[in-house]
Amino acid sequence: MPTLDADQAADLAVNGVLLDARAAERYRGEVEPIDPVAGHVPGAVSAPTAENVEPGGRFHNREFLRERFNTLGAVDGVPVGAYCGSGVTAAHEVLALELAGIHAALYVGSWSHWVTDSSRPVATG
């Protein structure tokens, strides 16, 4: 599976689509229960993994997922990546993207890694 480092994730947020798989409140920087800094990678798009599944916990069908991700900018010809807090729910996001027929890379370090370098920018809202 393709992976991203922090520099590649930052580039993808500008020149592709970088999906933030965390809950929307964490993406917006309203709450951060784990890491010392709240917010998201500038240019990333909020795409909570909870929206990938039906109420029973199974993935939505391929068509639903494809439409969801297309709406977020993950369309044919655009490079896509995902991150979360520590890489776990982003792996879920990458699987949902694959089910939708969209290949994506995983930023394994995710937000927990991003905020270890204070020179990296942080966006909120």
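Two strands count as paired if DSSP finds at least two bridges between them. In this predicted model, strand 4 (residues 80–83) and strand 5 (residues 105–107) are joined by two bridges and run parallel. Both strands belong to an open sheet of five strands, paired in parallel and ordered 1-5-4-2-3.

**Sheet**

- The edges of the sheet are strand 1 (3–4) and strand 3 (45–46), each of which pairs on one side only.
- Strand 4 also pairs with strand 2 (residues 17–20), in the parallel sense and over four bridges.
- Strands of a sheet pair through backbone hydrogen bonds, either parallel or antiparallel.

**Crossover and helix packing**

- The path from strand 4 through helix 4 (residues 88–99) to strand 5 forms a right-handed β-α-β unit.
- Helix 4 also packs with helix 3 (residues 62–71), at an angle of about 110° and with the two axes 8 Å apart.
- Angles of 65 to 115 degrees count as roughly perpendicular, so helix 3 is roughly perpendicular to helix 4.
- From helix 3, the contact is made by Arg62, Leu65, Arg68 and Phe69.
- From helix 4, the contributing residues are Glu93, Ala96, Leu97 and Leu99.
- The crossing of helix 3 past helix 4 is left-handed.

**Ser110**

- Ser110 is not a glycine, yet its phi is positive, at about 55°.
- Ser110 lies in helix 5 (residues 110–114).
- Buried means under 20% relative accessible area, and Ser110 counts as buried because its relative accessibility is 0%.

Notes:
Residues are numbered from 1 along each chain as its sequence is written. This is a predicted model: local features need pLDDT of at least 70, side-chain atom pairs count only at pLDDT 80 or more; totals for chains, interfaces and linings use all residues. Side-chain values use heavy atoms; hydrogens and water are left out. A crossover is right-handed if, with the strands pointing away from the viewer, the path from the first strand over the helix to the second runs clockwise. Axes are lines fitted to C-alpha atoms, for helices over the stretch in contact, and angles run from 0 to 180 degrees between N-to-C directions. Angles under 35 degrees count as roughly parallel, over 145 as roughly antiparallel, 65 to 115 as roughly perpendicular and the rest as oblique. A crossing is left-handed if the near helix is turned anticlockwise from the far one by less than a right angle, and right-handed if clockwise. Contact means heavy atoms within 4.5 Å. Buried means under 20% relative accessible area, exposed over 50%, partly exposed in between (1.4 Å probe, protein chains only).
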